[in-house]
Amino acid sequence: MVERACVFGLLLIASAVSGCTPSRDPAAEDAPAPAAVTATRLAAAETEPGQWMSHGRTYGEQRFSPLDRIDAQSVGRLGLAWYADLDSRRGQEATPIVVDGVLYVSTAWSRVKAYDAATGKPLWAYDPEVPGEWAVNACCDVVNRGVAVWNGKVFVGSFDGRLIALDAATGRELWDVNTIDRSKPYTITGAPRVVKGKVLIGNGGAEFGVRGYLSAYDAETGQLAWRFYTVPGNPADGFESPALKMAASTWSGEWWKLGGGGTVWDSMAYDPELDLLYVGVGNGSPWNHFLRSQGKGDNLFLASIVALDPDDGSYVWHYQTSPGETWDHTATQHIIVADLDFEGGTRRVVMQAPKNGFFYVLDAKTGQLVSAEKFTETSWATHVDTKTGRPAETPGARFYSTRRPFVSLQNPNGAHTWHPMSFSPRTGLVYLPVHMANYTFAHDDAFRPSPLTTNLGIQRSNAPADPAARAAAMQKTLATVGGRLIAWDPVRQREVWRVPREGAANGGVLSTAGGLVFQGTGTGRVEALEATTGKELWAAETQTGVIAAPMSYSVGGTQYVAIVVGTGGSWAMSGARANAKGNSLPNISRLLVYALDGKAALPPPPPLPERRLTPPPAVAAAAVVARGEAEYRNYCGRCHGPDGAVNFGILPDLRYSAALASKEAWAAVVLGGAMKANGMASFAEVLDADEAEAVRAYVIAQAHAGLQAPVSSSR
Ligand code: CA
């Protein structure tokens, strides 16, 4: 409280108070309460260039900062102004919010922190105390992408499905509402948005078997105002809206028993002029269209951008990017509203570059497709027919029809996923982080939904059994993994420049009026590039991989660039080998804030722990090991790595586990839930004692195999 009195007391006094650093523009006449964000301020965000009041800075989520003090000439003087260590070693995906000199940021496990944005002085911290075992519901790490602020409050979605309002001055909890059916594997990783006094929040969980929706809560009271379901439920129960009745005609079979999917786990944007809310909808649950809907129908509103009336959540229009979605093609990727200058005149559009590899430009008012072109190499479709708005799929893409594996040029992280892009109205370009990684989709004949794991309807592994052949196949896939940052002209639908990245998992993007583009990389750098050419003008070492997006703000005339660093998230969770390239740094979770002539320095990175594999003697016959491998693939591999190991310090490499030493110690963790506070749930619901012991035998065998491996993967 003393710190706060210092910060806000200043406004009433002058700028120079001994022992207090101004945290707000001293020229500010009046003294707004903390986080005094209103609809008027948000709609006029252009007039307050130093603020970053919502997730994408403005309602249209352009992630463009009008600040220009840091530009091509001055950026060489950019240095660390301050930094803050974050209390987590899990993935960091948040974009900070800055309002009137206070920076609010969320970290892994949905924790929230507030800092003096000029000095880095901590103001308060909040922990929603997410039950550790809820982590079993994470497809993609226990991440959080940010908070929302509004009328003196800070809102965060907790990983276990709650929406929480905090007092922006103190971090004190004001209300906490449950947004989910707690018997189902829902999560929240996305940032809330606030539109017209309502806090909007969706969920994750479509890899596990849930039904997606978006909820709106009254910002003052936490009362549910409306809910829009993205997929129809059981028709016998009646439909929540006419839109869902229409949507149900595009489904077959008994999809509701499997959830259907369509979670709204990340993107939203709002256009105050048209008064439309745009929502990105996720993939089907299960992924496999045949198992989900008998291979029939478009399955609305999966993989769609849906426009809603923000007052009551009623449907206005939709555009579906991948009809009959079956490749984990979400359309939850960043949505940008902008005015684009076409030859025939200016047009207000909605832009998205979803997982499926096409860049979509839609009319913001009607949802009509303006254009769609590939922004990277894809194999599932050749083009999109602008007349019908539908993709021309390639033969063989529907692996469940052919019963033959289909090699997609995108793995489930897509050609682009949540890592935000940025639109600069100055250059007219969208700056977009692109992923490359092949993936083989194969129909799972033996699909049976199970708790405590993903339910995709895709074979978990069709890798050859022979170890040498398997290693060769893995190397072949690994060779396809890569990334790039591209500048995309959305009017002409073509790439203007590209910067290749060493690995796939890189950060989101910021563009500024200083003619710069900022991005962090999986290889541990944050860079400033010339917006028109992509030429590198400045870079700093971050000591850890970066996946979050930078943002910029100003306090007292000084421009800052802030970025949360710390690797993790979907790439780190989706397989050690696929991530090894370009993202092999440990997680050192931090908030880094740069300014011109910044003189702060990071401490030297901690030495990597010296680790040696010392497995107990092999405990079982080959048949038991094989059984253990099958269960490992069913339940363990999606977090701990496909071959018994993850290399990034995100989750334990089980080959080093002390619990391997005895059957009892192993069972205490795997069945008894002894490590549940750390995120390791009990698997007693799905594994019996023999199966758990078989998994131990498999991991021990993997540890022995690792002793003979030419390249150590210990870290
Ligand atoms: Ca997904």
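1. Strand β9 (residues 162-167) pairs with β10 in the antiparallel sense over five bridges. Strands here are DSSP runs of E with at least two residues, helices are runs of H or I with at least four residues, and both are numbered from the N terminus. Two strands count as paired if DSSP finds at least two bridges between them. Within this pair, I164 stands opposite D176 in β10. The hairpin of β9 and β10 has five residues between the strands, and G171 takes a positive phi near 80° there.

2. A word on the ground rules. This is a predicted model, in which local features need pLDDT of at least 70 and side-chain atom pairs count only at pLDDT 80 or more, while totals for chains, interfaces and linings use all residues. Residues are numbered from 1 along each chain as its sequence is written, and side-chain values use heavy atoms, with hydrogens and water left out.

3. Now to the calcium ion. Its protein donors are E207 (OE), E207 (OE), N283 (OD1), D328 (OD) and D328 (OD), lying 2.3 to 3.2 Å from the ion. Donors are N, O and S atoms within 2.8 Å of the metal (3.2 Å for Na, K and Ca), and sites may look incomplete because water is not among the atoms. Along the chain, the donors follow the spacing E-x75-N-x44-D. N283 lies in the loop between β17 (276-280) and β18 (284-285), and D328 in the loop between β20 (315-320) and β21 (335-342), so this pair ties together parts that are 45 residues apart in sequence. N283 is buried, with a relative accessible area of 1%, and D328 is buried too, at 3% relative accessibility. Buried means under 20% relative accessible area, exposed means over 50%, and partly exposed is in between (1.4 Å probe, protein chains only).

4. On to charged pairs. A search of the whole structure finds 40 salt bridges, a salt bridge being a side-chain nitrogen of Lys or Arg within 4 Å of a carboxyl oxygen of Asp or Glu. One of them joins R90 to D141, with the closest N and O atoms 2.8 Å apart. This pair links distant parts of the chain, 51 residues apart: R90 sits in the loop between β2 (78-85) and β3 (97-99), and D141 in the loop between β6 (122-126) and β7 (148-150). R90 is buried at a relative accessible area of 8%, and D141 is buried at 1%.

5. D266 and R145 also meet through their side chains in a salt bridge (3.1 Å, N to O). D266 lies in the loop between β15 (260-261) and β16 (268-271) and R145 in the loop between β6 and β7, so the pair ties together parts that are 121 residues apart in sequence. D266 is buried, with a relative accessible area of 5%, and R145 is buried, also with 5%.

6. Two further items belong with the salt bridges. D489 bridges to R492, the closest N and O atoms being 2.7 Å apart, and D489 is buried at a relative accessible area of 8%. Elsewhere, D87, R111, K113 and D127 are linked in a network of salt bridges.

7. S88 is worth a look alongside R90. S88 lies in the loop between β2 and β3 and counts as buried at 9% relative accessibility. A polar atom of the S88 side chain lies 2.9 Å from the backbone nitrogen of R90. Leaving aside neighbours within four places in sequence, S88 is in contact (heavy atoms within 4.5 Å) with A108, W109, R111, N587 and S589.

8. Which residues does T189 touch, not counting those up to four places away in sequence? They are D141, V143, N144, R145, F159 and W265. T189 is found in the loop between β10 (173-178) and β11 (193-195) and counts as buried at 9% relative accessibility. The C-alpha atoms of T189 and V142, 47 residues apart along the chain, are separated by 7.4 Å.

9. L585 lies in the loop between α8 (576-580) and β39 (590-596) and is partly exposed, with a relative accessible area of 24%. Its C-alpha atom is 5.9 Å from that of G545, 40 residues apart along the chain. E691 lies in helix α11 (residues 689-708) and is buried, with a relative accessible area of 15%. Not counting residues up to four places away in sequence, E691 touches R627, E631 and V686.

Terms used. A polar contact is a pair of N or O atoms within 3.5 Å; within protein, one must be able to donate a hydrogen and the other to accept it, and residues adjacent in sequence count only if both atoms are side-chain atoms.
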